[in-house]
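Please look over the structure shown here before reading the notes below. They are arranged by topic, so that each point can be checked against the coordinates.

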Amino acid sequence: MIEFAAPHEDEYRIARLRERLAGDDVAELGVQVEQRGTSVLLTGTVPTASRRDEILRLAREELAGLTVRADLVVACADAPDRWEELP
């Protein structure tokens, strides 16, 4: 028998994930969490690949049983490795 969570329960779980992303050690306010039918979409920009992995781990943990999709961009803030050539 397959059990589905009540829609309002999913909303509470998504709200808890948003709180965890805003607080704790993550503090990622630039990540949006949206419910799209039976899946959840994470979008935004994060500073590192390891931070993206941590966010995805938290999302899968908090939203177990829902499909989690992510479109998280890793911002590259490294200094350039060469001079820019101007005409």
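This is a predicted model: local features need pLDDT of at least 70, side-chain atom pairs count only at pLDDT 80 or more; totals for chains, interfaces and linings use all residues.

The chain contains 2 helices and 3 strands, which follow one another along the sequence in the pattern α-β-β-α-β.

**Overall make-up**

- Of the 87 residues in the chain, 29% are buried.
- The chain exposes about 6,500 Å², and carbon and sulfur atoms supply 51% of that area.

- Strand E1, which covers residues 32–36, pairs with E2 in the antiparallel sense, and the pairing runs over 5 bridges.
- Within this pairing, valine 33 has leucine 42 of E2 as its bridge partner.
- The hairpin has 2 residues between the strands, and glycine 37 takes a positive phi near 70° there.
- Serine 39 belongs to strand E2, which spans residues 39–46, and this serine is classed as buried because its relative accessible area of 12% falls under the 20% cut-off.
- Leaving aside residues up to four places away in sequence, serine 39 touches Glu34, Thr67 and Arg69.

- Side chains of opposite charge can pair when their charged atoms come close.
- The count of salt bridges in the model comes to 8.
- One of them joins the side chains of arginine 16 and glutamate 62, with a distance of 2.8 Å from N to O. Arginine 16 lies in helix H1 (residues 7–22) and glutamate 62 in helix H2 (residues 49–62), so this pair ties together parts of the chain that are 46 residues apart in sequence.
- Glutamate 62 also meets the side chain of arginine 20 in a salt bridge, here at 3.1 Å from N to O. This second pair likewise links distant parts of the chain, since arginine 20 is in helix H1 and glutamate 62 is in helix H2, 42 residues apart.
- How accessible is glutamate 62, buried or exposed? Glutamate 62 counts as buried, because its relative accessibility is 12% and the cut-off for buried is under 20%.

**A salt bridge between sequence neighbours**

- Arginine 52 forms a salt bridge with aspartate 53, and the closest N and O atoms of the two are 3.8 Å apart.
- Arginine 52 is partly exposed, with a relative accessible area of 27%, and aspartate 53 likewise counts as partly exposed, at 44% relative accessibility.

Technical notes: Residues are numbered from 1 along each chain as its sequence is written. Side-chain values use heavy atoms; hydrogens and water are left out. Helices (H or I, at least four residues) and strands (E, at least two) are DSSP runs, numbered from the N terminus. Buried means under 20% relative accessible area, exposed over 50%, partly exposed in between (1.4 Å probe, protein chains only). Accessible areas come from the Shrake-Rupley method with a 1.4 Å probe; for residues, only the protein chains shown count as cover. Contact means heavy atoms within 4.5 Å. Two strands pair if DSSP finds at least two bridges between them. A salt bridge is a side-chain nitrogen of Lys or Arg within 4 Å of a carboxyl oxygen of Asp or Glu.
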